[in-house]
Amino acid sequence: NGAICIQPCSPSFHGETSFVCEERKWQMFADACASLDIQSLFQPVHGKPGHGAKYFGADDHGNSNCQADFSCIIPEILSSPAIPGNIADIVELLKKISLLLSEDVNRGKMQSYIRIANHILNSSVISNWAFVRDRNAGSILLDSVNLFAGKLLLRNGSESIQEPFISTKGYSIHKNTSGKRFDFSMEFNNTGNITGHVVIPEEELLKLPKTSKAVSIAFPTLGAIIETSRLDPGFVNGMVLSVSLPEELRHILLTFEKVNKLENVKAQCVGWHSTERRWDSRACAMKSDNISSVVCNCKHHHRTFKSFSILMSPTMLRNAALDYITRVGLGLSIFSLVLCLIIEAVVWHHVTKTEITYMRHFCLVNIAMSLLIADVLFILAAIVHHTALNYQLCVAATFFLHFFYLALFFWMFTLGLLILYGLLFVFFKITRSVFIATAFSIGYGCPLVISILTVAITEPKNGYLRSGACWLNWYETKALLAFVVLALSIIVVNVVVVVVVVVKTGRSAVGEGCKSQDLRNMMRISKNVALLTPLLGLTWGFGLATIVESRSLAFHITFALLNAFQGFFILLFGTLLDRKTREALRMNCLSSKRKCSLAKVNIF
């Protein structure tokens, strides 16, 4: 009947051996693994007797330990990449194990269980959780682990099982026990460990009528995982500590080390409401708070509040003002860039009569086009992230966002090279076709190569995307450096170019070698570069500052303002303040008025 019988179950009441007692449980166990390429482990095994036993991890005598601690599935799970689809399947698998196979949870079972959980709790895969279709996956995992760990059997009155990103400890307790303490020190990311402590006060232990057990579980990364999966993240600032206690015990003391130890960051003690699936401040009261740690007095309830942590006090980073600045600024930027391109189309024939002016306006159009597409992609990337449409879609949005932001800077670099060409290579003229080919190779070719290399190197390690956003990763793989370093390097080069222009134009020798008209054109281009380069440099300088000081509201608002109004700056300094462009617009308007006047005369 397709039953998966690894070893005989206990004899039935009639003295016969039952092979079907675990059939349904193992079948549900198997169903959860459909997308992990480990389904074959749970299929009926055909072939010679004994082959199936070996496949399930049996020894040479045919004795399998898979049913005892399901260790046979661990190699396949740990070798599978922790991508969003696999994360969802593993969460479902752990949920079904907790519901169906949580009888007699010994050390072996618990070790296997937390090894599986540890695979998807790794700090390197936190960003992948943002793209798991079920936004409650983190909460489901938390409830499943709490349920399974609560059934842990204690050897000699205590048990301790630890993996890098999940740890379980259990102790026997009774009313004569002095205050019981659970201490955890665990890895949070590559930068170091964080600690947490659970204390059951002595006055609470006096309520126990008999010897009982207390189990505590520590999750250093689960808070960040829940944060990435929710539309209203709470900025968890410590590990998540869960406790499983007898119903008589209601109050516990928890000490959390802060992840971000900033003087102006205050903490808020919270409990995870397992029914409403949200952080609830009513579960805890603050006992003490200093720059490095927080002590919380929390009330434990076996159905609602079993997990606790600390949030950063509601900061202004996600306040309405910042969102308003970003939306209005992006709207103005897109409008400005569209207007810039329309003006360039209207005056193109008037302002591109010489080779130098043609090249200058050609670069300006591509700068405006690159930023316009990047701004539109920025909006689409935000929509993709908040709706959790698709992980691959977010990777694609990030790739093109990276590409077009890089293109913006490489076209600025091309503009800088154009200035050097006009000043230093006076007697060497290039044709428009050669210039266009060279400009496209620099402006779009270089960004394309860099973008492809970045995604090819970091995506296989699940380190391409930043946690909680469709943008380049910083904390794990530093993929963002593939943008920041290049952008800031181009800004430095363009500043040097402007200095060269100032030095060269101050010498009389330049005037002897250049036509006065070409010199004036070079000066106009230099003014554009001199104005736009510091603005772009300042913008992305503050962008880097928001990463280093991620909780600084001033940096975030300044970056949002400068980033959102880049399009307006290009319209203003690249188009509207250019004398030749204004004259061409005026001539075009006068020509249009004459045509209208002649049309009216002809009508009458």
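Me: Quick one to start: is E159 buried or exposed?
Reply: In this predicted model, E159 is buried, because its relative accessible area is 4% and the cut-off for buried is under 20%.

Me: And which residue does E159 form a salt bridge with?
Reply: The partner of E159 is R107, and the closest N and O atoms of the two are 2.6 Å apart. R107 counts as partly exposed, as its relative accessibility is 25%.

Me: How many salt bridges does a search of the whole structure find?
Reply: The search finds 11 salt bridges. One of them joins the side chains of E204 and K207, with 2.8 Å from N to O; here E204 counts as buried at 5% relative accessibility, while K207 is partly exposed, with a relative accessible area of 42%.

Me: Which residues are linked in a network of salt bridges?
Reply: E276, R278, D280 and R282 are linked in such a network. Within it, D280 forms a salt bridge with R282, and their closest N and O atoms are 2.6 Å apart.

Me: What about burial for those two, buried or exposed?
Reply: D280 counts as buried at 2% relative accessibility, whereas R282, at 56%, counts as exposed.

Me: Switching to strands: why is β11 described as largely enclosed?
Reply: Strand β11 covers residues 293-299, and five of its seven residues are buried, so the strand is largely enclosed by the rest of the structure.

Me: Which strands are joined to β11 by bridges?
Reply: Strand β7 (residues 251-257) runs antiparallel to β11 and is joined to it by seven bridges, with E257 having S293 as its bridge partner. Strand β10 (residues 284-289) is also antiparallel to β11, with five bridges between them, and there C284 has C298 as its partner.

Me: How many residues sit between β10 and β11 in the hairpin?
Reply: There are three residues between β10 and β11 in that hairpin.

Me: Now the nonpolar core, the largest one: which residues touch the most other members?
Reply: The largest nonpolar core has 71 residues, and those touching the most other members are Y405, F409, W411, F483 and I570. Several helices each supply at least two residues of this core, among them α10 (320-351), α11 (355-387), α12 (391-424) and α13 (432-458). The largest share, 19 residues, comes from α12.

Me: What is W411 in contact with, leaving aside neighbours within four places in sequence?
Reply: With those neighbours left aside, W411 is in contact with F362, C363, N366, I367, S370, A439, F440, G443 and Y444.

Me: Last topic: where does UniProt put the "transmembrane region" annotation?
Reply: The UniProt record, an unreviewed entry, gives that annotation to residues 328-351, 363-383, 403-427, 434-457, 480-503, 529-548 and 554-577.

Me: What do residues 363-383 and 554-577 look like in helix content?
Reply: Residues 363-383 are 100% helix and 0% strand, and their end C-alpha atoms lie 31 Å apart. Residues 554-577 are 92% helix and 0% strand, with the end C-alpha atoms 30 Å apart.

Methods. Residues numbered from 1 in each chain as written. Predicted model: local features only at pLDDT ≥ 70, side-chain atom pairs only at ≥ 80, totals over all residues. Heavy atoms only, no water. UniProt positions renumbered as here; feature names shortened; annotations may be inferred. Helix = DSSP H or I, 4+ residues; strand = E, 2+ residues; numbered from the N terminus. Core = buried A, V, L, I, M, F, W, Y, C linked by side-chain atoms within 4.5 Å. Buried < 20%, exposed > 50% of the residue type's maximum accessible area, 1.4 Å probe, protein only. Contact = heavy atoms within 4.5 Å. Salt bridge = Lys/Arg side-chain N within 4 Å of Asp/Glu carboxyl O. Pairing = 2+ DSSP bridges.
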